[in-house]
Amino acid sequence: MRIGLLGTGNVARALAAGWARAGHGIVLGSRRPDDPELRAELKELLATGVRLESSASAAADAEVLVNATPGGASVALLTSIGAPALAGKVLLDVAVGFQEDITLTHPVVSLGEEIQQAFPDTPVVKTLCTIDRELMVDPGSLEGPSTVFLSGDHADAKRSVRTLLTDLGWPEESILDLGGIVTSRGQEHYALLFVGIAEAIGSYGFGIRVVPPRR
């Protein structure tokens, strides 16, 4: 697939490298694509064939667009690209918005829902926001299986995202479809528990697993 990632932070870089290894065409979208300092930071990634362009350019040719921007700024950035440019594209949203005091920027309605409401012609799928960036692209690094979640209103879009998750190494049995985009509230709010667990065990590199009851 042609994948455009909005953002050039650690999450975007990890996902770009993971999907590039799987053979996808990757463009990183940035507000400063010509910044020599940024290009120097991304030198190794760009050497693999990943391209660095403006956010609008990254969106223009993408079949799947990935929102890996800070959650508090995501809607504004997407609005600057424009609804017509986003229409019909699958938007995979991994962002969670935090305030400086580690409270959520979206404490009631999730960012995933807000994006879907703002761009009704763009199917939004929330995923990967419950794990650290390293685990996103290396689920086999854990001692046992973990669970990753899907939230979204569009079945075809979720099938496309499911494929991209398996390309990162996630087994089908580890992918749990929670239902509509409203369920992204749970994924985003888990971020608060994630921080607590990380502080308790001294590591962000852990997963969670949904364990069903005995039959």
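Reader: What should I know before I start?

Author: Residues are numbered from 1 along each chain as its sequence is written, and side-chain values use heavy atoms, with hydrogens and water left out. Since this is a predicted model, local features need pLDDT of at least 70 and side-chain atom pairs count only at pLDDT 80 or more, while totals for chains, interfaces and linings use all residues.

Reader: Which residues touch the most other members of the largest nonpolar core?

Author: A nonpolar core is a set of buried Ala, Val, Leu, Ile, Met, Phe, Trp, Tyr and Cys residues joined through side-chain atoms within 4.5 Å. Buried means under 20% relative accessible area, exposed over 50%, and partly exposed in between (1.4 Å probe, protein chains only). Here the largest core has 35 residues, and Leu5, Leu15, Trp19, Leu28, Val66, Leu128 and Trp170 touch the most other members. Another core, apart from that one, has 16 residues, including Ala62 and Leu78.

Reader: Is Ser74 buried or exposed?

Author: Ser74 is buried, because its relative accessible area is 0%. Ser74 lies in helix 5; helices are DSSP runs (H or I, at least four residues) and strands likewise (E, at least two), numbered from the N terminus. Contact means heavy atoms within 4.5 Å. Leaving aside neighbours within four places in sequence, Ser74 contacts Asn67, Thr69, Ala95 and Leu111.

Reader: And how does Ala76 count?

Author: Ala76 is also placed in helix 5 (residues 74–81), and it counts as exposed because its relative accessibility is 53%.

Reader: Where is Ile102?

Author: Ile102 sits in the loop between strand 5 (90–93) and helix 7 (111–118). At 46% relative accessibility, Ile102 counts as partly exposed.
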